[in-house]
Amino acid sequence: MSGKKTMGERNLMFFSGRAHPELADEVAANLAVEITPTALRDFANGEIYVRYLESVRGCDAFVMQSHTAPINQWIMEQLIMVDALKRASAKRITVIMPFYGYARQDKKGRGREPITARLMADMFKQAGADRLMSIDLHTSQIQGFFDGPVDHLFAMPVLINYLRGKLDPATTTIVSPDTGRVRLAERWSDSLGTPVAFIHKRRDLDVANQVKVHEVVGKVQGRTCVLIDDMIDTGGSICKAADALYEHGATDVIVAATHAVFSDPAVDRLKNSRISEVVVTNTLPIPVEKRFDSLTVMSIAPLIARAITEVFTDGSVTSLFEGDS
């Protein structure tokens, strides 16, 4: 029997889809549980079949899936897994999406556009999810889209612990690639004791993934700049931001991001850029062909496992980031 029981016979069961088995194995190892055996397969026409090979009645179910490419397939698989748990009488279902698919569509920028991030939350609620857990949402407002508890985890401690020993606060500036990340940059600054800068940019609303960098605001000349962001998709925005920093006198640029989406041609852009190091987490799978010499991948599994433990034991997830609560 997989899972783990508490004194009151509460039973934690951990489930994973097929999108990122390596991360699931790491999380299970940190939890000291086995991944619950599950039959997952595709029919000839692409429909997905799910069946759990153990009883899940009355359990606290934690269902993890990384929303990577092909993103729609893996979102659908997770929805079906949640529905199967609900119909099999799981007591409480927590959906873990390290990377929240469609998070960038969190508002209407223009008329006749969808708010797909809200649609995602509605679908998981309808499928039977009682709780959502995700890491570094594109915007914090997405927490309000789900009618239930949302555990918003932060990769910042993982990334900072790696970078702290490599940086001299006296010559380092934390840089937000746009105005939307300034608050996060301030949190990095408070932790590392460095100044903050940001880049003003404008997107072409008619062309996806197209950014024009305008100006750098803050002290960057003669300094090591750490560009922070929630994700790197095609790499165009982050590479242009790095170029702007060098043009304003930065001596070195390091990029720290949570989600390595790495859609083409991101890898080529990053490899051929002047960025000295790209530090990301493994919320999404990064195949061998998308790895390069200046890439560093940090594991997010211990953080997810600790959050699962806090939720299961009715502890404080906030305490993971703000001390005892």
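**Annotated binding-site residues and cysteines**

In this predicted model, His138 counts as partly exposed, with a relative accessibility of 22%. The residue lies in the loop that runs between strand 7 (131–135) and strand 8 (150–153). Apart from residues up to four places away in sequence, His138 touches Ala103, Arg104, Arg181, Asp230 and Met231.

An unreviewed UniProt entry lists His138 together with Asp178 under "binding site".

Asp178 is placed in the loop between strand 9 (172–176) and helix 5 (182–192). Its relative accessibility is 19%; because buried means under 20%, Asp178 counts as buried. When neighbours within four places in sequence are left aside, Asp178 is in contact with Phe198, Ile199 and Lys201.

Turning to the cysteines, the structure contains zero disulfides. For Cys225, the closest cysteine sulfur belongs to Cys239 and lies 15 Å from the Cys225 sulfur, which is too far for a bond, because a disulfide requires the two sulfur atoms to be within 2.5 Å. Cys225 is buried, at 0% relative accessibility. Cys59 is likewise buried, with a relative accessible area of 0%.

How values were computed: Residues numbered from 1 in each chain as written. Predicted model: local features only at pLDDT ≥ 70, side-chain atom pairs only at ≥ 80, totals over all residues. Heavy atoms only, no water. Buried < 20%, exposed > 50% of the residue type's maximum accessible area, 1.4 Å probe, protein only. UniProt positions renumbered as here; feature names shortened; annotations may be inferred. Helix = DSSP H or I, 4+ residues; strand = E, 2+ residues; numbered from the N terminus. Contact = heavy atoms within 4.5 Å.
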